[in-house]
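Hello,

Here is the structure I promised to pass on to you. Please have a look at it first, and then read on for what I found.

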Amino acid sequence: NKQHKKYPYLLRDMEITHINQAWASDITYIRLHSGIVYLAAVIDLYSRKVLSWQLSNTLDRSFCVEALNEAIVKYGKPEIFNTDQGSQFTSFEFTRFLSENNIKISMNGKGRALDNIFMERTFRSLKYEEVYLNDYESVKECRKFIGDYFRFFNRDRIHQSLGYITPNEVFYKNVILEKIS
């Protein structure tokens, strides 16, 4: 939507050094046996932990706001929130929610998929390790298996980029360190 404000990309050359410093979100589609459903997910960029996710059968902004709100309720607020320039993320409702929570808004440059590479990698892992191996009959079945996958992704799936430990290990180790200091 040309009426929606676009925000600068704040993460260029920034070193992400702790949890809740920067989160990212994106949307992808999941093919069902008879149609598609859209998935919005929120991740912490430091730990790569999937903080929340929502499914919707439409591309409206509400399921993106719901995913963001759920992540904030569970894990606190990030300093910066990064998305692409999709209309769901540039909508007045979504940007107002971020502003009201004193979260800096960052948006990928137009046509710069690498600006949100960690979301792209998360969705790639989900699709190759879960979605492409299954033929979901319903949204309910899709929700169950994606939920199972993201629990596995956070708790059990080691990540080379994290030194061969899980996102939960990185995230909760940092929660404990923050409480100590």
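A salt bridge here is a side-chain nitrogen of Lys or Arg within 4 Å of a carboxyl oxygen of Asp or Glu. With that in mind, Lys144, Asp148 and Arg151 are linked in a network of salt bridges. Please remember that this is a predicted model.

Helix H5 itself covers residues 139-155, and its 17 residues should span 24 Å at 1.5 Å a residue; the C-alpha atoms at its ends are 24 Å apart, so the two agree. Its buried residues are Cys142, Ile146, Gly147, Tyr149, Phe150, Phe153 and Asn154. They lie on the same side of H5, because they cover an arc of only 170° around the axis.

Asn168 belongs to helix H6 and is buried, with a relative accessible area of 14%.

Back to the salt bridges: the whole structure has 6 of them.

- Glu129 pairs with Arg157, with 2.7 Å between the closest N and O atoms. Glu129 is in helix H4 (residues 117-129) and Arg157 in the loop between H5 and H6, so this bridge ties together parts that are 28 residues apart in sequence. Glu129 is partly exposed at 32% relative accessibility, whereas Arg157 is buried at 19%.
- Arg61 pairs with Glu93, the closest N and O atoms again being 2.7 Å apart. This pair links distant parts of the chain, 32 residues apart: Arg61 is in the loop between strand E3 (50-56) and helix H1 (62-75), and Glu93 is in helix H3. Arg61 is partly exposed at 39% relative accessibility, as is Glu93 at 29%.

Finally, which residues have a positive phi although they are not glycines? Asn102 is one, at about 55°, and Tyr164 is another, at about 65°. Asn102 is in the loop between helix H3 (92-100) and strand E5 (104-107), and is exposed at 66% relative accessible area. Tyr164 is in the loop between H5 and helix H6 (167-180), and counts as exposed at 51%.

Best wishes

Key
Residues numbered from 1 in each chain as written. Predicted model: local features only at pLDDT ≥ 70, side-chain atom pairs only at ≥ 80, totals over all residues. Heavy atoms only, no water. Helix = DSSP H or I, 4+ residues; strand = E, 2+ residues; numbered from the N terminus. Expected span 1.5 Å × (residues − 1). Buried < 20%, exposed > 50% of the residue type's maximum accessible area, 1.4 Å probe, protein only. Arc of directions from axis to C-beta.
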